[in-house]
Amino acid sequence: MSDYNFTVPVAQESLNSELSERSPLPSLREKILTIRNGLRPGQQQMADWQSGPLAISAVPGAGKSTGMAAAAAIAIARQYERSSSRRHLVVVTFTRSAAANIKAKIRKDLKKLSLPQMGFFVYTLHGLALNIASRHPDLSGLQLENVTLITPTQSHRFIRTAVEQWIANNPGRYLRLLEGHQFDGEETERLRRQSVLRTEVLPELANTVIHEAKSSGISPELLREWSKQTTDEYAILSVAAGLYEQYQNLMRSRDFIDYDDMILAALRVLENDSARRYEQNQVFAVFEDEAQDSSPLQTQLLEILASDSGHGDKSSLLTDAMNRVSPHSALNLVRVGDPNQAINSTFTPADPIYFRQFCEECDRIERLATMDQAGRSTRIIIEAANFTLKWINSQWLAKTNNGQQTTYKPQLPFRLQTIRPVDVGDPQTNANPAPVGRGLELYTPRDIHHTLELLSQRVIELFGEDPTQNSAAILVRENRQGRWLAEALSTVCKEYKIILYDVGERDRRSHVPQEILALLQFCDRPHSPDYLKAALEASVQRQLIPTQDLNALASLPEEFLYPGPLAAPQSEPVQKAARLCRSLLRARLELPLYQLISFLALTLNYDQAELATADKLAERVNQQIASNSSMGGMLSALSEIVSSERFEPVETEDSEERYTRSGQLTIITMHKAKGLDWDYVFLPFLHENLIPGRFWVPPQSQFLGDFTLSEVARAQIRATLHEESTIPDVSQAWEVAKHLKTSEEYRLLYVAMTRAKRLVWMSAAQKAPFTWSKPENLQEQAPCPVFPALKHQFPECVMNLAALIKQA
């Protein structure tokens, strides 16, 4: 099959003739055709791949994993026919659960072909990198028995230590940040600003830049060179480079690595000619799923591995690799993804621009296939999703043409790609199922309590006849909404025997060690502003104390904990926080050390599963410090657990299947719902302040200006990586950051809508909280801009609330 007609389905005769006559299995060719003919046109294009690059742009519900598994099995069969070499196929996906899912599907298809269930490996990207690096420890520099893997976050002790070391080494720069736009020298304000910079602004800047730069192969030295092209008053990129450098020094001195180090270690291996040829000779092709979520270094790793050993170029960065995408390319790489489902790029280094570029280059040489038929959702849901995509893009273009965005040329939030229902006779069982009710239901309740009433009523109706036959989920924008709903729905679900599963509970259990550590560190050093603030943050998160300005409390610990007779009266929220902290300190004095963790777990109002996790944690820590039972030993053991992530919460079930079980109402965030689907999906609380949200500067850090250092740095780094002519200044970078955030929020809504098979229930209450940390404080809230447009486009789907009340 020529490159020119690559995307044209292969005729049955040509496919028959391509198979070698020496096959020991006479029926292999018929079995291959049976699998291929059971696929949709877009999936068939993937199955027809033989060599070279191929980009697959797939809409939600198009059957990416099914198509990739079939294509992988057929590619393995062809390799078996053509060659006696022991090369294998490498399949790469984003998560471990997705890897397990596609591995099972490939094995199932190989079984249909009567072939051994081998000849392929399925990895996550980091698993692949670790595999390569561990095979060549001398080249990678990774001695796995001597290193500890961590995932640095803003609150990680390495990030905090890097911040403190940078401040000590750069007092002048730190003083300039402390001054901000204006500063009168008042001592209380100075202490407050110190707390904000040391515990929020600089850790956030460090965390963002370390991920962005490291995942793109950018060293602190190169970042510092880039900073010379900027002229902002704070020298943001220079500060970022210094923080990055301190972090790297700490990691090396302690033998710690992060996930980016795995990729870098694998790339160091592939810089060696013989090692690179060895690895390439093990592989005949690479298939990548969820390609829109790859970072530059991850993309580079796959491209080198997928290159023919006779053509591999160790220095091929992404742009060089794209130049190799030609009709005679030796790049045996199939990448499948959907730029319209890129929802991680504003808080991870994932950047969908690279997959878009790959699609454009493949399109130029007619190696772009489109999987635009989807059988998951009923037709009205597909129509609503397509309308949402087109409406958002049209609004974006209108703003640009009206001159509202003039400092740079924004990219449209969505790639112009329409979801189409499947053809008659599609192999998927119950493809494009019949709608339940109207398929799309649009509600405008009075407030969030009315929302809960309407949602509960619809859940009872849907689960009424036979709850075991259908699945449902409530998708929320943030975990606090999920927690509020879980508490409010628990009584109704118990009464009607509906299983309620709050996915956020599992996430909260995974945070048990970190929360316990925060409180113990405060008990050990109550006069430390950092430890006091961390304990207060944990208490706010667990809703033990009201949300308030914690920096003001933490800046003067003694005055907050034990105010003197001349101190200003404390407000009720401050008094509540102080009483909680004093109770923790009293427990530290009165309780034996081995009971402290259990006491703190009760203080944090942990539920049964969280208490079980805390008991497991206490048992492990007490075992570790048996020979040195001291607060220092306990803190050291806990710090190691939190840093190295070597502790799993107590679970009673496995796999993602627990999210989508029939007869269950799942509460889950929109982000975590990606890749899943349910019969009925509820999308409450669709308000403009959350989707697309307002890109705002926290009040406590506004002394620096009307922007955040971390987002400006991210935008400046990406502009340089995208080879733009100049690095944007602060105002331009902030504008770019706002555009990226708004685009991603709209894509998140699109992903949420396309999780539904038979019904999507959407609502935007007239009154809702400004912040879900205080759900009782209701005020008028504007709906998400798409919501009124949907009501106008689909008037038959707008629900008459007065009629619903009468029916009830």
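Contact here means heavy atoms within 4.5 Å. The model is predicted: local features need pLDDT of at least 70, side-chain atom pairs count only at pLDDT 80 or more, and totals for chains, interfaces and linings use all residues. Residues are numbered from 1 along each chain as its sequence is written, and side-chain values use heavy atoms, without hydrogens and water.

**Exercise 1.** Find what surrounds Asp 293.

Step 1. Locate Asp 293 in the loop between β6 and α15 (296-306). Helices (H or I, at least four residues) and strands (E, at least two) are DSSP runs, numbered from the N terminus.
Step 2. Skip neighbours within four places in sequence. The contacts of Asp 293 are then Phe 94, Gln 298, Ala 342, Asn 344, Ala 350 and Lys 674.
Step 3. Check the charge. Asp 293 is buried without a salt bridge, and Lys 674, the nearest side chain of opposite charge, is 4.1 Å away. Buried means under 20% relative accessible area (1.4 Å probe, protein chains only). A salt bridge needs a Lys or Arg side-chain nitrogen within 4 Å of an Asp or Glu carboxyl oxygen.

**Exercise 2.** Which strands pair with β7?

Step 1. β1 (residues 54-58) runs parallel to β7, with four bridges; Ile 56 is the partner of Val 336. Pairing requires at least two DSSP bridges.
Step 2. β6 (residues 283-288) is also parallel to β7, with three bridges; here Val 286 partners Leu 333.

**Exercise 3.** Is α12 enclosed or open?

Step 1. Count: 14 of its 19 residues are buried.
Step 2. Conclude: α12 is therefore largely enclosed by the rest of the structure.

Key. Buried < 20%, exposed > 50% of the residue type's maximum accessible area, 1.4 Å probe, protein only. Lys, Arg positive; Asp, Glu negative; His and termini not counted.
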